[in-house]
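Reader: I am new to protein structures. Please show me how to read one, feature by feature.

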Amino acid sequence: MRTDPDRAALSEVAPGVHAWVQPDGSWWINNAGAVFGDDAAVLIDTCATAQRTQRFLDAVQAAGGDLPIRFAVNTHLHGDHTHGNALLPESTVLIGHPATRDGILDDTMLQNPPPVWSPTPRWGIAEHRAPTVTLEESLTLHAGGRRVELHHPGHPAHTRGDVVAWVPDAEVLFTGDLIFHGVTPLVFMGSLEGALKSLDWLAGFRARTVVPGHGPVFPGLSLPRILENHARYYRFVLDTARQARTDGLTPLEAAKRCDLGEFATWPDPERIVLNLHRAYAEADGTDLDLAAAFTDAVTYNGGPLRCAV
């Protein structure tokens with residue numbers, strides 16, 4: 001599937017609630033959103049590059065007119081959701097979890113991207129901009145009479161600082177990367193056990209519409225099935241890691257030996273390597289070696305990872 005910037009589109013998923021969906025949801029190709037109140041807009045995430053973020057912001061302005069972007073929420077630290085913060089108006093208040101703020105401030109991706117993607121990402125952005133307001137558990141934003149609730153699951157999952165945005169009057173849930181719809185989930189900077197635990201938490205929102213961090217928007221009626229797909233994948237990774245560690249295999253050896261089965265058709269299957277590195281680190285009580293994990297992913301993939309930014 002093509003991942004050109006012009007494939008992205010802003011669609012109204014409920015009155016005044018819009019999803020910015022970028023096919024095909026692969027590396028660096030995220031979703032974002034905009035919630036319009038009476039007198040202001042709230043953005044949910046930005047995009048990886050200046051080009052992609054500007055297209056998103058232009059679409060938001062076309063949909064919302066002169067409404068100022070009062071708040072922007074970062075669902076987690078990864079650059080596909082945060083690099084575009086730099087293009088937001090200075091008056092926009094950026095909000096995220098403390099771990100998200102710390103991770104953005106420590107990130108060197110814009111200045112020194114590792115040679116694991118092909119082609120090398122063209123950010124068009126020179127400096128990071130991190131949240132200046134942080135939440136540990138929950139925070140409610142008000143845009144006129146409209147509420148946008150921000151919630152942290154209470155434990156690491158995709159990352160240590162995941163935040164969802166819940167629009168209660170529209171029953172729309174922006175999950176960030178707690179959900180990858182039809183795309184291989186990634187938890188190398190979080191926790192497999194935590195990601196598994198977060199699924200029941202997500203089900204509790206009883207959403208009418210769900211905007212995942214990657215992949216197509218879907219109706220709430222499909223949420224149980226999609227959460228179960230994630231659960232099966234996380235259990236598969238945990239079971240694979242458990243047996244491979246018993247057999248004395250490295251994460252790369254474990255990935256090469258395992259049969260992805262039903263998950264082989266999901267985009268970015270090489271993420272099994274990164275997720276196994278996380279499973280090993282959790283089991284051993286050690287820090288994940290990020291450089292080694294990506295080196296192994298490139299080896300498993302037979303070359304650099306595909307990149308469309």
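**Reading the sheets, helices and cores**

Author: Start with a sheet: seven strands form an open one, in the order β1-β2-β3-β4-β5-β6-β8, with mixed pairing. Its edge strands, β1 (9-14) and β8 (133-134), each pair on one side only. This is a predicted model, where local features need pLDDT of at least 70 and side-chain atom pairs count only at pLDDT 80 or more, while totals for chains, interfaces and linings use all residues. Residues are numbered from 1 along each chain as its sequence is written, and side-chain values use heavy atoms, with hydrogens and water left out.

Reader: What are the strands and helices here, and when do two strands pair?

Author: Both are DSSP runs, numbered from the N terminus: helices are H or I with at least four residues, strands are E with at least two. Two strands pair if DSSP finds at least two bridges between them. Strands of a sheet pair through backbone hydrogen bonds, either parallel or antiparallel. Take β4 (residues 41-44) and β5 (residues 69-73): they pair in the parallel sense over four bridges. There, Ile44 stands opposite Val73 in β5.

Reader: Which helix packs on this sheet?

Author: First, two terms. Contact means heavy atoms within 4.5 Å. Axes are lines fitted to C-alpha atoms, for helices over the stretch in contact, and angles run from 0 to 180 degrees between N-to-C directions. Helix α1 (residues 50-64) packs on the sheet and touches β1, β2 (17-21), β3 (32-36), β4 and β5. Its direction makes about 20° with that of β3.

Reader: How many strands form the other open sheet, and in what order?

Author: Six, in the order β9-β10-β11-β12-β13-β14, again with mixed pairing. β9 (138-143) and β14 (218-219) each have a single partner strand, so one side of each is left without a neighbour in the sheet. β9 and β10 (residues 146-151) run antiparallel, joined by six bridges. Ser138 stands opposite His151 in β10.

Reader: Which strands does helix α4 lie across, and which does α5?

Author: Helix α4 (residues 192-203) lies across β10, β11 (164-167) and β12 (172-180), at about 170° to β12. Helix α5 (residues 223-246) lies across β12, β13 (209-214) and β14, at about 20° to β12.

Reader: How do I read two helices that cross?

Author: Look at distance, angle and hand. The axes of α5 and α7 (residues 271-284) come within 9 Å and cross at roughly 65°. A crossing is left-handed if the near helix is turned anticlockwise from the far one by less than a right angle, and right-handed if clockwise. α5 passes α7 in a right-handed crossing. Tyr233 and Phe236 of α5 are among the residues making the contact, as are Ile272 and Leu276 of α7.

Reader: At what angle do α7 and α8 cross?

Author: Roughly 150°, with their axes within 8 Å. This crossing is right-handed too. Ile272, Val273, Leu274 and His277 in α7 meet residues of α8 including Phe294 and Tyr300.

Reader: What is a nonpolar core?

Author: A set of buried Ala, Val, Leu, Ile, Met, Phe, Trp, Tyr and Cys residues joined through side-chain atoms within 4.5 Å. Buried means under 20% relative accessible area, exposed over 50%, partly exposed in between (1.4 Å probe, protein chains only). The largest core has 63 residues, of which Trp28, Trp117 and Ile272 touch the most other members. α5 gives the largest share, eleven residues.

Reader: Is Thr82 buried or exposed?

Author: Thr82 is buried, with a relative accessible area of 3%. Its place is in helix α2 (residues 79-82).
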